[in-house]
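Subject: Structure for you to look at

Hello,

Please find the structure below. My notes on what was found in it follow.

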Amino acid sequence: MPTPPNAQPTLQTLPGDDVRQILWRYADRFDLAMLVQAARAVARGPVARLVAEGARNSHEWTDTKASLLPAFDESGITTAFLEPEYGGYLPGPKNLALALIAFELSWVDAGAATCSLAGNLGLAPIHERGTPEQRAHYMALAAPPKPDEDRRHIRAAFALTEPLPFVGVETGLLGGKATVAEWKEGAEPILQIDKRGRFITNMGFANVVTAAVDSGDPRIKGSCLVILEDGDPGSWDRGVPTKKLVHQLSSTRDPVFSLRVPASRIVGGYTVKDGVIIPRYSHSEVIEAVFRRTRVTVGLMTSAKLLSAVEPVIRYQRTRFRGGGAGQPGSPRHDLGLQQKEDVLHRLVDVWATGEASASLGFAAARLFDTLDPLEKQKDQWLADQNLTGRAAFKALSRAANDALEYLTLAAKPEPDRDPTRFAALQQDPLVQFALLDSLANVYCPACKLWN
């Protein structure tokens, strides 16, 4: 059939990397382009082979599935999360980088992506709220050892979720408890940590866990996160494998911990007042800083699943009737198959459009967090310099929010009608800019506010 003279050119293939880099705003980042290629090689090599060999047919973490871990290490996926001083290679915030890794791995199998992301999640409380000493120690050990190094390589997990009846209720209810096991005069307190986890990813191989616990002792105030190691005195029970319908290339178990650890393992550190240990951060303050970022990458896993299905569905639709005697080559039945019907195309376009829109929104949110992260650190430093905590910090941030509203009001006015001095001051105020971007992040990713 000849092409009509006024016909517009049509898309002959799905967007490739050249289009994606422009669409998702990383065309100027050669390092991210190389990271995408490395993650894709793992996804469509080792991960795809595991899928083809039937590795997703069991709940157990097997030696075959464990072959993913060195593949992550060798490709740079493991170290992408780390700062350069701890063995990483990407300076600055890494939300977009981790989102791209999750997208590429999920294109083939979201369980493999979960296995990678859960390791980052286990380290994230230390990265976001740990003391300088905690970050220096654990982040350096998270980097894969070099050929000439003989040291421990840690794999992390994050134990927040409790078993029934707490599971699925809310993150504010914790069954795990921290008590003081020993506190000698002039010495560091030793804590007894008892924690039962539920649906904890990476527990088949993790040797470090950040666990959320509540106080079970009047000498400890509130809740906190504690770093546990598999060599700590006590019981480290990985628990039974969780039976699940998806993500079989990740390890999920219900662990039980009963360990003694020094109080210096409290994430973010602590102070002592009137004989009471006061953690610097509650568990909810830590997970708010962590989860609002990780929800973006998890959302992008679904986008990848949608987009990865488009081409296989097209192939199926077009070849549906080939091989039979009814449709000869060159006939619409042979060339188009099911796509002779408009509703088949419309349904597929809906899936494709949803995948493209959700991916664009997810990567926009990841880029936004890359911009927000340094502002958040400035905000935290300012509050620390002013010695503002609790309600005093909340009031200071409320004033910044009001200033942000004033800034938006001034920005909407014609330039001659603004107070230029006031507008410039608000524009350069990091607290105001943080308030603006923080609010925008909550719009892009509403799950950010689920952890307050």
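A cavity here is a set of points, on a 1 Å grid over the protein atoms alone, where a 1.4 Å probe fits but cannot get out. Grid points are joined across faces, edges and corners, and a volume is the space filled by probe spheres set on the points. Residues count as lining if they have an atom within 4 Å of a point.

This is a predicted model, in which local features need pLDDT of at least 70 and side-chain atom pairs count only at pLDDT 80 or more, while totals for chains, interfaces and linings use all residues. Residues are numbered from 1 along each chain as its sequence is written, and side-chain values use heavy atoms, with hydrogens and water left out.

Cavities

Searching the whole structure gives 2 cavities of 30 Å³ or more. The volume of the largest cavity is about 210 Å³. It is lined by 18 residues, and those closest to its centre are T78, S116, G119, N120 and R155. Helices (H or I, at least four residues) and strands (E, at least two) are DSSP runs, numbered from the N terminus. Helix 4 (68–75) and helix 6 (110–129) each give at least two residues to the lining of the largest cavity, and helix 6 has the largest share, with 5 residues.

For residue classes, Ala, Val, Leu, Ile, Met, Phe, Trp, Tyr, Cys and Pro count as nonpolar, Asp, Glu, Lys and Arg as charged, and the others, Gly among them, as polar. On that basis the lining of the largest cavity has 11 nonpolar, 6 polar and 1 charged residues.

The second largest cavity holds about 50 Å³ of space. Its lining consists of R29, L32, L90, P91, P93, K94, L96, A97 and D370. Of these, 6 are nonpolar, none polar and 3 charged.

The chain overall

The protein chain contains 14 helices and 10 strands. Its C-alpha atoms fill a box of roughly 90 × 70 × 50 Å along the principal axes. Of the 452 residues, 46% are buried (buried is under 20% relative accessible area, exposed over 50%, partly exposed in between, with a 1.4 Å probe and protein chains only).

Aromatic rings

Rings of Phe, Tyr and Trp (its six-membered ring) pair if their centres lie within 6.5 Å; planes under 30 degrees apart count as stacked, over 60 as edge-to-face and the rest as tilted. There are 8 aromatic pairs in the structure. The pair of F158 and F291 is edge-to-face, because the ring centres are 5.6 Å apart and the planes stand at 75°. F158 belongs to strand 1 (residues 156–159) and F291 to helix 8 (residues 283–308), so this pair ties together parts that are 133 residues apart in sequence. Both F158 and F291 are buried.

A stacked pair is formed by Y407 and F423, with 5.1 Å from centre to centre and 10° between the planes. Y407 is in helix 12 (residues 390–412) and F423 in helix 13 (residues 420–428), so the parts tied together here are 16 residues apart in sequence. Y407 and F423 are both buried. W24, F103, W107 and F363 make up one aromatic cluster.

A charge sits over a ring if NZ of Lys or CZ of Arg is within 6 Å of the ring centre and within 35 degrees of the ring normal. R198 lies over the face of F199, 4.7 Å from the ring centre. R333 has its charged end over the ring of F321, at 3.9 Å from the centre.

Strands

Two strands pair if DSSP finds at least two bridges between them. Strand 5 (residues 208–215) and strand 6 are antiparallel and pair over 7 bridges, with A211 opposite V226 in strand 6. In a regular strand the side chains alternate between the two faces of the sheet. Strand 6 (residues 223–229) has 7 of its 7 residues buried: S223, L225, I227 and E229 lie on one side, and C224, V226 and L228 on the other.

Strand 9 (residues 270–273) runs antiparallel to strand 10, joined by 4 bridges, and Y270 stands opposite P279 in strand 10. The hairpin of these two strands has 2 residues between them, and D274 takes a positive phi near 55° there. Strand 10 (residues 276–279) has I277 and P279 on its covered face and V276 and I278 on its uncovered one.

An exposed loop residue

D150 is in the loop between helix 7 (132–142) and strand 1. It counts as exposed because its relative accessibility is 79%.

Regards

Terms used: On a 1 Å grid over the protein atoms alone, a cavity is a set of points where a 1.4 Å probe fits but cannot get out, and a pocket is an open set with protein on both sides within 12 Å along at least five of seven lines; lining residues have an atom within 4 Å of a point.
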